[in-house]
Amino acid sequence: MDEGMGTGNDVKRENGRETPSGGCVTIRELAEAAGVSTATVSNVIHGKTKRVSPATIRRVQELIQAMGYVRGGHWEEKRPGGTRLVALLANPHKTYEEAIGADPFYGKIIGLTEQYLREKGYYMIFYSSSDMDDIFRMVTDREVEGVITLSFHKNDCDKIAGLLKRPVVSIDASGYQGKVPNIGLDDWQGGRLMTDYLLECGYGPIYVCAGRDHGVDHIRYLGCQDAQRERAKTGERVRGNAGENARGNARVQFIPLGMNREKRRDTFESLVQQVEMNIREGFRPALFCLSDLYALEAMNHFRDQGMKIPRDLGIAGFDDILYASLSRPGLTTVRQDMKRKAELAVDTLADMVEGREPAESGKEILLPVKLVVRETTAEG
């Protein structure tokens, strides 16, 4: 609770200290009474005392008993007013050249989430960490009422919810089962939709490119593989003059690009020779990058090598960020509704915080995808 708001309880004095008599004691109030940081009090409460002196441990424990602090009780007492503070936690599973917000997809999701929270009367703090101790300290110290996670594994989302005893909603959580509500995407269908389209245009082989074969990218790749298997099973012909060649080499191969720009550049460079060989053999290779940002990097790299897009090489992305339509040629991609994703996450969390929905419903909403065809691909 903010210091200026007070506790709303009668106050009595004990041992020269002001002590709320109503039992709704915050970690911040304990810290002020003990003359230590809120992080120190949090560590004592949760038994993480390796770096806390015995004297400080005793002082905090005495105050916990004297002031009547109840773990988890404060948050429940605070409704319906509350701090109105929500934490957006992003998993820093990628290496960014500047910051996590430098990725256009994450930047848009962060901005939209803040906008929708503000419209509902909430405030947002943004934090990027995969360390559970760091996350717990941040949420506890700031008396956050709810948490939205971004790109965590579902097991980690459940751990965060269990540890914090706060409502948690996830966006794009990976894994197959969880208790925390998740707002995701039909990633499998997105991979299948684009691969089927590329094969129909006469492209092949198709190199599916992502940082690594993990999380939602893995689900998208499974969809790619399914599209390839379905065509192989039915023996369906493809369009264009290159149809027979493309059908004969309609394989789908995953290419791990690496998790930073330097590694991606090296991977694209090594892929140039393979693509050139495909072209000499009469095939029409294509890159299906599971991120628009990666697709735009690839387009610049292969154009610098003298390749004509889409004649020599087709390139497609995923997400439909703003730059996909601004690039020249315009980027063929899989569109997801980022506005709807952020809006649903905020609505679900608000319902949980305000008691309209159970905290661990385990529901999962997978938003639909749409194929957006632009100039980086063409029928053969």
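The chain exposes about 17,500 Å², of which carbon and sulfur atoms supply 46%; accessible areas here come from the Shrake-Rupley method with a 1.4 Å probe, and for residues only the protein chains shown count as cover. Please note that this is a predicted model, in which local features need pLDDT of at least 70, side-chain atom pairs count only at pLDDT 80 or more, and totals for chains, interfaces and linings use all residues. Residues are numbered from 1 along each chain as its sequence is written, and side-chain values use heavy atoms, with hydrogens and water left out.

Of the 380 residues of the chain, 53% count as buried, where buried means under 20% relative accessible area, exposed over 50%, and partly exposed in between, with a 1.4 Å probe and protein chains only. The chain holds 14 helices and 14 strands; these are DSSP runs numbered from the N terminus, H or I of at least four residues for helices and E of at least two for strands. Among contacts between residues at least 6 apart in sequence, 72% join residues at least 24 apart, a contact being heavy atoms within 4.5 Å.

On confidence, the mean pLDDT of the chain is 84, and 84% of its residues reach 70 or more; pLDDT is the predictor's confidence in each residue, from 0 to 100. Over residues 73-80 the value stays under 50, and the model has 18 contacts for them beyond four places in sequence. Residues 238-248 also have pLDDT below 50, with 24 contacts in the model beyond near neighbours in sequence.

Let me turn to helix 2. Because 6 of the 8 residues of this helix, which spans residues 38-45, are buried, it is largely enclosed by the rest of the structure. The buried residues are Thr40, Val41, Ser42, Asn43, Val44 and Ile45. They pack against helix 1 (27-34), helix 3 (54-67) and helix 6 (132-141). After helix 2 comes Gly47, with a positive phi near 75°.

Tyr197 counts as buried because its relative accessibility is 15%. Which residues does Tyr197 contact, leaving aside its neighbours within four places in sequence? They are Thr332, Leu371, Val373, Thr377 and Ala378. With Thr377, 180 residues away along the chain, the C-alpha separation is 9.7 Å. The side chains of Tyr197 and Thr377 are joined by a polar contact of 2.8 Å. A polar contact is a pair of N or O atoms within 3.5 Å; within protein, one must be able to donate a hydrogen and the other to accept it, and residues adjacent in sequence count only if both atoms are side-chain atoms.
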